[in-house]
Amino acid sequence: TANDLQTFYGTYPRIQDETDNSRACLDFIVRHAAGSSVCDVGCGTGFLLEHLKTHTGMTKFCGVDFTTHD
């Protein structure tokens with residue numbers, strides 16, 4: 001439910017302020033990024049897309065996430 005999601009994300013322990021990915025995870029993704037485009041499903045704040053833009057040669061970025069409205 002919307003309340004369950006709000007509770008989960010409100011109490012979810014974030015590893016960093018900007019993202020819930022660890023440094024090791026970000027480094028792994030950058031090392032294995034292939035092609036010129038990426039679609040991040042569940043992008044949240046878009047941190048990973050910005051990180052890939054800065055650290056890879058990728059040129060096309062798409063982020064998809066959801067929100068709920070009561």
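Partly exposed describes a residue whose relative accessible area lies between the buried limit, under 20%, and the exposed limit, over 50%. The legends below refer to a predicted model.

View 1. A disulfide requires two cysteine sulfur atoms within 2.5 Å. By this rule the model has zero disulfides. For Cys 39, the nearest cysteine sulfur belongs to Cys 62 and is 4.1 Å away, and Cys 39 is in no disulfide.

**View 2. Packing of helices H2 and H3.** Two packed helices are described by the angle between their axes and the distance between the axes. Helix H2 covers residues 23-32 and helix H3 covers residues 47-55; the two pack at about 50°, and their axes are 10 Å apart. H2 is therefore oblique to H3. The crossing of the two helices is right-handed.

**View 3. Residues at the contact of H2 with H3.** H2 contributes Arg 23, Leu 26, Ile 29 and Val 30, which meet Phe 47, Leu 48, His 51, Leu 52 and His 55 of H3. Sorted by class, the residues in this contact are six nonpolar, two polar and one charged.

**View 4. His 51 in helix H3.** His 51 lies in helix H3. Its relative accessibility is 8%, so His 51 counts as buried. Leaving out residues up to four places away in sequence, His 51 touches Arg 23, Leu 26 and Val 30.

Notes:
Residues numbered from 1 in each chain as written. Predicted model: local features only at pLDDT ≥ 70, side-chain atom pairs only at ≥ 80, totals over all residues. Heavy atoms only, no water. Axes fitted to C-alpha atoms, helices over the stretch in contact; angles between N-to-C directions. Helix = DSSP H or I, 4+ residues; strand = E, 2+ residues; numbered from the N terminus. Parallel < 35°, antiparallel > 145°, perpendicular 65-115°, else oblique. Left-handed = near helix turned anticlockwise from the far one by under 90°. Contact = heavy atoms within 4.5 Å. Nonpolar A, V, L, I, M, F, W, Y, C, P; charged D, E, K, R; others polar. Buried < 20%, exposed > 50% of the residue type's maximum accessible area, 1.4 Å probe, protein only.
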